[in-house]
Amino acid sequence: LYVWLFWANNHSDDGYYLNKIAQFPYISDVFSINVVTGFKAAGFDPYIVNTWEIEASFFSFIFSIEPTVYTRFFLNLFNNFLFLNVINALANKIFTSANVSEFYKKYFQFSTVVVLLFSVNSVAFEQFGLLQASDLWQFNSGMYLGSSVVRVCGLPILFLYFFDRYKIGFDDIALFAIISISLISKSTIAIPFIVLFSLVYLLLYLIKYKKNVLLVILLCVMICISLLLPNNENTENILYSFTIYNASSILIIYSIALFIISFIYKSYKINRMNIMIILIIALMFFNPLNNLFEFISVYSFVSSRMYTNVLYLLMALAAIYTFVIFFRIKIVNKIVAPIVLIVSIVFAYGSYKSFSLDQYAWKDPYTILIHNKKFIPESTINLSEMLAELSKEKELLVLAPQVSIVNGKSHTLSVVLRLKAQNIKVISAIPRFNSGQITGYENYSIELQDSFDEFSKKPNNQNINEVEKILNEFEVNCVIVENKKCIN
């Protein structure tokens, strides 16, 4: 467990998701306010189409499970289990298509051993030059997130359900719509996944059934749209930098080698899937065709997460293709089980040891969790409950440290103060989640918050004067500090 990132609330991202899950049962219109700050929400919230938080809130509420426990333990486990099953099901289809003998076909689940590799600390991946991609750390601490489901399972799920399908009938369109809506309900980052997959599927469909006129029209439309759209150099440069780094990675080199070798199976279904992957990569990288991908991604982090999914898919396929080769070689297939056992032990031990390389990680995270059974500092829960009691008397406008040190690690405090106190307003969370968009608080900047944080840790005459200005200008009536000297 990457517990220190729980304390950091996954770089403070968890502030939004945990508060939303915690507050759904208690707020009449959770979409009308910013769940982290408590102030009225500004503008359109694109996360309104995501429903996984409602689902998590429902189960957390009816079973009386703390949102932090439900997400960081149960939902993390479930989504990892989901990923295992997606790889397992895809391996089953590939084994069948590659004509692996019936006796050995039952061992397709060995391919899921690759998930142990994915669990390696993201710091170790980069430190040893094994892999560089967006948000690898989320596999360690943020698999509960809806975006993580899309980031690791998006393309594999689409390939899984359309591996045996060639035509475009009503049932195919209905299935694709259901899958697409399900993925988007987890995260809108699924949109470029869905668009690129549908385009390459349609291209191969038109080629297979020799619908040449429609094929030419589709290609012309894609090229024209791509030429009309501007090139997003920032997104392009990020993906290129990842690719240049990964070009020397033994994991990626091995995955590409197995990907190429898989064409010798002479399976139409496998070859079609491989060609679709190649075309998706082409639409992501080749200018100007990639302009469409960059446009529908909107943000560079969205395109980067799709890039991560492509890497995960290639490595998962490499594991599957490896076992296909093993079970087709008579000399090797008899010792596959011991090989898998050894590889599993090596991957598991490597994953465990990789966390000792991280300077931020605790040496004994499980002891920390024994004393903080809610997967969040108990002091934070107690503080939030205390604020909830105080807010019954009057509305609280809270000023608090952005980050406090708990158990020797950084804990992003201000973004989770509303977990138990739904009626308070947290001014200190504005720079992170609503900067410059709240009437009356447009001038509350990160610089002002930094001044308060300095005062909270080590008060002196200069920062005391700064804090007094903040208290007067923004009508703060509740102040949380770390240093007792602040009280004097």
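The following dialogue explains how to read selected features of this predicted model.

Q: Which conventions apply to this predicted model?
A: Residues are numbered from 1 along each chain as its sequence is written, and side-chain values use heavy atoms, with hydrogens and water left out. Because this is a predicted model, local features need pLDDT of at least 70 and side-chain atom pairs count only at pLDDT 80 or more, while totals for chains, interfaces and linings use all residues.

Q: How are helices and strands defined, and what is the expected span of a helix?
A: Helices (H or I, at least four residues) and strands (E, at least two) are DSSP runs, numbered from the N terminus. The expected span of a helix is 1.5 Å times one less than its number of residues. Helix α15, residues 268–285, has 18 residues and reaches 26 Å from its first C-alpha to its last, close to the 26 Å expected at 1.5 Å a residue.

Q: Which residues of α15 are buried?
A: The term buried means under 20% relative accessible area, exposed means over 50%, and partly exposed lies in between (1.4 Å probe, protein chains only). In α15 the buried residues include I270, N271, R272, M273, I277, I280, L283 and F285.

Q: Where does S57 lie, and what does S57 touch?
A: S57 lies in helix α3, residues 52–62. Its relative accessibility is 4%, so S57 counts as buried. Contact means heavy atoms within 4.5 Å. Not counting residues up to four places away in sequence, S57 touches I21, F24 and P25.

Q: How many bridges join strand β2 to strand β3?
A: Two strands pair if DSSP finds at least two bridges between them. Here 4 bridges join β2 (residues 403–406) to β3 (residues 409–412), and the two strands run antiparallel. V403 has T412 as its bridge partner in β3. The hairpin of β2 and β3 has 2 residues between the strands, and N407 takes a positive phi near 55° there.

Q: What describes a pair of aromatic rings?
A: The distance of the centres and the angle of the planes describe such a pair. Rings of Phe, Tyr and Trp (its six-membered ring) pair if their centres lie within 6.5 Å; planes under 30 degrees apart count as stacked, over 60 as edge-to-face and the rest as tilted. A search of the whole structure finds 36 aromatic pairs. One of them is the edge-to-face pair of F162 and F176, at 5.8 Å centre to centre with 75° between the planes. This pair links distant parts of the chain, with F162 in helix α9 (residues 146–162) and F176 in helix α10 (residues 170–186), 14 residues apart. Both F162 and F176 are buried.

Q: Which parts does the pair of F162 and Y201 tie together?
A: F162 and Y201 form an edge-to-face pair, 5.5 Å centre to centre, with 70° between the planes. F162 lies in helix α9 and Y201 in helix α11 (residues 190–208), so the pair ties together parts that are 39 residues apart in sequence. Y201 counts as buried because its relative accessibility is 9%. One aromatic cluster is formed by F159, F162, F176, F197 and Y201.

Q: Where does the charged end of K208 sit?
A: A charge sits over a ring if NZ of Lys or CZ of Arg is within 6 Å of the ring centre and within 35 degrees of the ring normal. The charged end of K208 sits over the ring of Y209, 5.6 Å from its centre. K208 also lies over the face of Y166, at 5.5 Å from the ring centre.

Q: How many salt bridges does a search of the whole structure find?
A: A salt bridge is a side-chain nitrogen of Lys or Arg within 4 Å of a carboxyl oxygen of Asp or Glu. The search finds 13 salt bridges. Among them, the side chains of D172 and R165 meet at 2.6 Å, N to O. D172 is buried, at 10% relative accessibility, whereas R165 is partly exposed, with a relative accessible area of 25%.

Q: Which parts does the salt bridge of E482 and K457 tie together?
A: The side chains of E482 and K457 meet in a salt bridge of 3.8 Å, N to O. E482 lies in the segment after β5 (478–479) and K457 in helix α23 (residues 446–457), so the pair ties together parts that are 25 residues apart in sequence.
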